[in-house]
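Please consult the sequence and the model while following each solution.

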Amino acid sequence: MKKKSFKSKEKERITDILNRLDEYYGVETICYLEHENAWQLLIATILSAQCTDARVNIVTKDLFRLYPTPLALANADISDIENIIHSLGFYTSKARNIKACSLRIVTEFGGEVPSSIEELTSLAGVGRKTANVIRGNIFNEPSIVVDTHVKRISGKLGLTKETVPEKIEIDLMETLPKEHWIRYNMQIITHGRTICKARNPICSECFLSDLCKNACDN
């Protein structure tokens with residue numbers, strides 16, 4: 001993928017942003033969704049839409065105990081799945097998606113989660129965001145995960161002017177060095193939860209405030 005060219009001052013600003021993120025949050029990638037394998041992370045990520053990771057981790061503990069394999073979940077009664085994930089919200093569509101997703105993994109992929117973006121997004125309930133979570137965390141394929149934090153904060157930092165997630169993903173891939181993609185996701189998600197909050201950003205405590213093009217611009 002062709003990288004964008006920047007004037008030296010802007011290039012230095014972007015490099016400074018990435019260096020500060022590394023210094024503050026470290027370079028280790030952390031996944032907050034508890035899982036033991038690719039299939040569990042895939043199901044947990046589908047369930048995490050419009051829900052906190054902490055709540056998902058509570059629910060998947062029971063879900064994976066009762067249905068420990070894709071085949072087991074594919075054969076489960078939809079009403080039983082709904083009862084287990086009821087507290088997550090949108091449980092009807094999520095139950096339908098994780099059952100269908102598991103069935104396709106069994107019938108089309110031999111029980112193994114595929115690695116390509118095309119195959120992953122062919123699964124029920126899996127868009128590019130979920131697919132990139134799997135590609136980055138399981139297969140170590142450099143990827144950009146555009147969740148609400150990455151979308152909002154990347155815009156505030158002036159790293160993209162796009163508003164559509166897929167266009168933001170492409171824009172960031174063209175802007176950021178490939179080796180930063182996975183950890184940038186984690187760092188910005190953490191930053192959005194702790195400092196650059198959507199409703200009340202704590203700009204006075206933000207180590208990026210002098211580099212942010214929209215500091216405290218709510």
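**Exercise 1: The nonpolar cores**

Leu42 touches Cys101, Ile105, Val113, Leu123, Val126, Thr130 and Ile134, with residues up to four places away in sequence not counted; contact means heavy atoms within 4.5 Å. The model is a predicted one, in which local features need pLDDT of at least 70, side-chain atom pairs count only at pLDDT 80 or more, and totals for chains, interfaces and linings use all residues. Residues are numbered from 1 along each chain as its sequence is written, and side-chain values use heavy atoms, with hydrogens and water left out.

Task: State which residues of the largest nonpolar core touch the most other members, and which elements give two or more residues to this core.

Solution. 
- Step 1. A nonpolar core is a set of buried Ala, Val, Leu, Ile, Met, Phe, Trp, Tyr and Cys residues joined through side-chain atoms within 4.5 Å. Buried means under 20% relative accessible area, exposed over 50%, and partly exposed in between, with a 1.4 Å probe and protein chains only.
- Step 2. The largest nonpolar core has 33 residues, and Leu42, Leu63 and Leu73 touch the most other members.
- Step 3. Two or more residues each come from H2, helix H3 (53-66), H5, H6, helix H7 (117-120) and H8. Helices (H or I, at least four residues) and strands (E, at least two) are DSSP runs, numbered from the N terminus.
- Step 4. H2 gives the most to this core, with 8 residues.
- Step 5. There is also a second, separate core of 25 residues, which includes Ile153, Ile168, Ile189 and Ile195.

**Exercise 2: The largest pocket**

Task: Describe the volume of the largest pocket, its lining residues and the classes to which they belong.

Solution. 
- Step 1. On a 1 Å grid over the protein atoms alone, a pocket is an open set of points where a 1.4 Å probe fits, with protein on both sides within 12 Å along at least five of seven lines; lining residues have an atom within 4 Å of a point.
- Step 2. The volume of the largest pocket is about 770 Å³, a volume being the space filled by probe spheres set on the grid points, which are joined across faces, edges and corners.
- Step 3. The lining of the largest pocket comprises 34 residues, and Ser48, Asp53, Lys129, Asp147 and Arg193 lie nearest its centre.
- Step 4. Elements giving two or more residues to this lining are helix H2 (38-47), helix H6 (91-109), helix H8 (128-137), helix H9 (148-156) and helix H11 (181-194). The largest share, 7 residues, comes from H8.
- Step 5. By class, the lining has 13 nonpolar, 15 polar and 6 charged residues. Here Ala, Val, Leu, Ile, Met, Phe, Trp, Tyr, Cys and Pro count as nonpolar, Asp, Glu, Lys and Arg as charged, and the others, Gly among them, as polar.

**Exercise 3: Individual residues**

Task: Decide whether His191, Phe90 and Asn140 are buried or exposed, and locate each in the model.

Solution. 
- Step 1. His191 is placed in helix H11 and counts as buried because its relative accessibility is 1%. Leaving aside neighbours within four places in sequence, His191 is in contact with Tyr25, Ile153, Cys196, Cys206, Phe207 and Leu208.
- Step 2. Phe90 lies in the loop between helix H5 (78-85) and H6. Its relative accessible area is 56%, so Phe90 is exposed. Although not a glycine, Phe90 has a positive phi of about 50°.
- Step 3. Asn140 lies in the loop between H8 and H9. Its relative accessible area is 61%, so Asn140 is exposed. Asn140 has a positive phi of about 55° although it is not a glycine.
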